[in-house]
Structures are given as C-alpha cells and as structure tokens.
Amino acid sequence: MSDLPHDPIEDDPAFRADLDAAAEAARLELIDHPMNGQNGFCHVFWASKKRILKERFGIDWRTPVEMDPYRLTMFD
C-alpha cells in the first residue's frame, strides 16, 4: 500500500473497476508523453486519470496532490 494520500473513494470496492480502467486508459494515453518515466510525471498521470474518471464514468476523484497539496508540491 502506498503512503500517498488518497481519495476515500479508492477504498470503496464499488468503484475499483472504474478506477482501474481509468488508470489503464491514462497509462495508454500517456505512453509516449515526453515526461513519461521522469520526476513529476505522476502529476500528468493523475490529471489524465481524473479527466477520464469524470468524462467516462462520472466520478469526481481527487488526486493525491488535491488531498494534500503542501506535501506533494513542496519538492516538485
């Protein structure tokens, strides 16, 4: 389990399939992104996943940085 802050929706089994599908769609969408594999790419990935969850599944998901903005931006 990650020590990153997470949206409580991630703990609800009813959303697991949609969260996983959105993560995979974001991964595929960003496979050729110039930042892929570099520091800070997680922010690009989370933004894509958030958009996909909203557009395809109607889910309002909060990214780890939205859950704890100070902790995750102070070292970027």
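Which backbone nitrogen lies 2.9 Å from a polar atom of the side chain of Asp 12? In this structure, it is the backbone nitrogen of Ala 14, a polar contact in the sense of a pair of N or O atoms within 3.5 Å, where, within protein, one must be able to donate a hydrogen and the other to accept it, and where residues adjacent in sequence count only if both atoms are side-chain atoms. The model is a predicted one, in which local features need pLDDT of at least 70 and side-chain atom pairs count only at pLDDT 80 or more, while totals for chains, interfaces and linings use all residues. Residues are numbered from 1 along each chain as its sequence is written, and side-chain values use heavy atoms, with hydrogens and water left out.

Asp 12 is found in the segment before H1 (helices, H or I, of at least four residues, and strands, E, of at least two, are DSSP runs numbered from the N terminus). With a relative accessible area of 30%, Asp 12 is partly exposed, a class between buried, under 20%, and exposed, over 50%, as computed with a 1.4 Å probe on protein chains only. Asp 7 is likewise placed in the segment before H1, but Asp 7 is buried, its relative accessible area being 5%. A polar atom of the side chain of Asp 7 lies 2.8 Å from the backbone nitrogen of Arg 62. When residues up to four places away in sequence are not counted, Asp 7 touches Asp 60, Trp 61, Arg 62 and Met 67, contact meaning heavy atoms within 4.5 Å.

Leu 19 belongs to helix H1 and is buried, with a relative accessible area of 2%. Leaving aside residues up to four places away in sequence, Leu 19 touches Ile 9, Glu 10, Lys 49, Leu 53 and Trp 61.

Helix H1 (residues 16–29) packs with helix H2 (residues 41–57) at an angle of about 125°, their axes lying 8 Å apart. H1 is therefore oblique to H2, since angles under 35 degrees count as roughly parallel, over 145 as roughly antiparallel, 65 to 115 as roughly perpendicular and the rest as oblique. Among the residues that make the contact are Leu 19, Ala 22 and Ala 26 of H1, together with Phe 45, Ile 52 and Leu 53 of H2. The residues of this contact divide into 10 nonpolar, one polar and six charged, where Ala, Val, Leu, Ile, Met, Phe, Trp, Tyr, Cys and Pro count as nonpolar, Asp, Glu, Lys and Arg as charged, and the others, Gly among them, as polar.

How values were computed:
Axes fitted to C-alpha atoms, helices over the stretch in contact; angles between N-to-C directions.
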